[in-house]
There are 2 protein chains.
Amino acid sequence: MNPPCPAIILVHPQMGENIGAAARAMLNFGLEDLRLVNPRDGWPNKAATDMSSGALEKMPPVQVFDTLQEALADLHYVLATTARPRDMVKEVFTPAEAGKETQNAQRAGLKTGLVFGAERAGLSNDDIALCNAMINIPTNPDFSSLNLGQSVLLVASTLFFTQNNREEGRTLKQGESFPVTHDKLEEFLVRMENELQEGGFFRSKELKPTMIRNIRNIFTRTNLTDQEVRTLHGVLTSLTRQKKPSE
Amino acid sequence: MNPPCPAIILVHPQMGENIGAAARAMLNFGLEDLRLVNPRDGWPNKAATDMSSGALEKMPPVQVFDTLQEALADLHYVLATTARPRDMVKEVFTPAEAGKETQNAQRAGLKTGLVFGAERAGLSNDDIALCNAMINIPTNPDFSSLNLGQSVLLVASTLFFTQNNREEGRTLKQGESFPVTHDKLEEFLVRMENELQEGGFFRSKELKPTMIRNIRNIFTRTNLTDQEVRTLHGVLTSLTRQKKPSE
């Protein structure tokens, strides 16, 4: 059994804290295959464990390699993450496109990986040359300060969002209540219109149809639930009975 | 000149470090309008400045407010970020959908905002009831440890990626009328709540907060226009004055 793809490969990472942050970011988005190439402070690393908020303990053991070649040995499709464009003949994906590419590769049964360079230097051109294509994370050209953990977070989350995207997911969260049927909505609207008529709301016969349409638009485009229409009936009752006896 | 939208609003943030990380994440993705509601340690905050890697110095001054209402006053379209689903009748977007929604709103000339809750507690249901819709950041259900800075980073970057990628989305056809700002909507809601209080609508003290929230959700998720709120004021006036003389 392989852990979920893609693998995340960190090349010569410096700070244990960044490795821990990367592990935490990975597990937040369901990735568990972390590989290190020649980490500066060796492995295991207490700073990494502390920073991972328990992620490193929950994930399968991290694999450590001497070279990027060895780390990529069992993988079929590998993308290199770069902060700046490189003068190389290689496809460059946005994170979202990379999500689709790796998803397609995985569906075809391929093992995938994403390679991240060291904190300051990034990946060398030789490292990139080992990879199938590149991912570029676009940022504000006047202020770009992503660290290694944040870069892993952004790529891992984008992959997760892309792969979880069951074609357009806008949903109206409506609790226990069901959308109202049109007959019940109509009943409420007619009742309100009658109350407004009694209250002298419609200043002229000519304006009345437009005014009614405007009010109806407010309530029809909201996708009211059954319960909400009951609430609005209560609101109407309350508003129209008030001041009655006292005034 | 307004700074680029959307504004990022942090409600009662605790750690200065997280405010600084949020500012840094914002500027990385071109956002500059940071607003704080009642920050625990006051403002300015040295830990925030240190953590922002210079972002806070480059951005326009952070605005500090006592209440979320005040922070939203000049905005037209506001999304609440939530980690867990809430039992509320309100649309829930993924970060990518939220990117399209805010992009559409901005193209229509609206001022937008994204609201984030405090580190542990998140947003209260009352806070969410002030917003037009929700953003949910999906994560691994078995390991979810996003902090405030990371949440801002994910949402800001997704917006940036989405907005750099021109794609048509759904728009609300609104005729000549402009969406209402939150201060005017708030004024209407408070007026209605007072009328309902007078009319004996809130059957018990215990139920009142929930009932208010349910009513607010009906009106906040509709994206009312200025003209519609004026119409609703007229409706209220008409309903509460009727039957007065004749009975």
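## Terms and basis

Buried means under 20% relative accessible area, exposed over 50%, and partly exposed in between, with a 1.4 Å probe and protein chains only. Helices (H or I, at least four residues) and strands (E, at least two) are DSSP runs, numbered from the N terminus.

This is a predicted model: local features need pLDDT of at least 70, side-chain atom pairs count only at pLDDT 80 or more, and totals for chains, interfaces and linings use all residues. Residues are numbered from 1 along each chain as its sequence is written, chains are lettered from A and ligands numbered from 1 in the order written, and side-chain values use heavy atoms, leaving out hydrogens and water.

## Helix H1 of chain B

12 of the 13 residues of H1(B) are buried, so this helix is largely enclosed by the rest of the structure. Among the buried residues are B:Gly16, B:Arg24 and B:Asn28. The cover includes H7 (148-163) of chain A. From chain B it includes S1, S2, H2, H3 and H7.

H1(B) spans residues 16-28 and reaches 18 Å from its first C-alpha to its last. That is close to the 18 Å expected at 1.5 Å a residue, where the expected span is 1.5 Å times one less than the number of residues. Just after H1(B), B:Gly30 takes a positive phi of about 80 degrees.

## Cavities

A cavity is a set of points on a 1 Å grid over the protein atoms alone where a 1.4 Å probe fits but cannot get out; lining residues have an atom within 4 Å of a point. Grid points are joined across faces, edges and corners, and a volume is the space filled by probe spheres set on the points. There are 2 cavities of 30 Å³ or more. H8 and H10 of both chain A and chain B each give two or more residues. The lining holds 14 nonpolar residues (Ala, Val, Leu, Ile, Met, Phe, Trp, Tyr, Cys and Pro), no polar ones and no charged ones (Asp, Glu, Lys and Arg); the others, Gly among them, count as polar.

The second largest cavity holds about 60 Å³. Its lining includes B:Gln69, B:His182, B:Glu186 and B:Arg216. H8(B) gives the most, with 4 residues. By class, the lining has 4 nonpolar, 3 polar and 2 charged residues.

## Strand pairing

Two strands pair if DSSP finds at least two bridges between them. S4(B) and S7(B) pair in the parallel sense over 4 bridges. B:Ala80 has B:Met134 as its bridge partner. S5(B) runs parallel to S7(B), joined by 2 bridges. Here B:Phe93 stands opposite B:Ile135.

Methods. On a 1 Å grid over the protein atoms alone, a cavity is a set of points where a 1.4 Å probe fits but cannot get out, and a pocket is an open set with protein on both sides within 12 Å along at least five of seven lines; lining residues have an atom within 4 Å of a point. Contact means heavy atoms within 4.5 Å.
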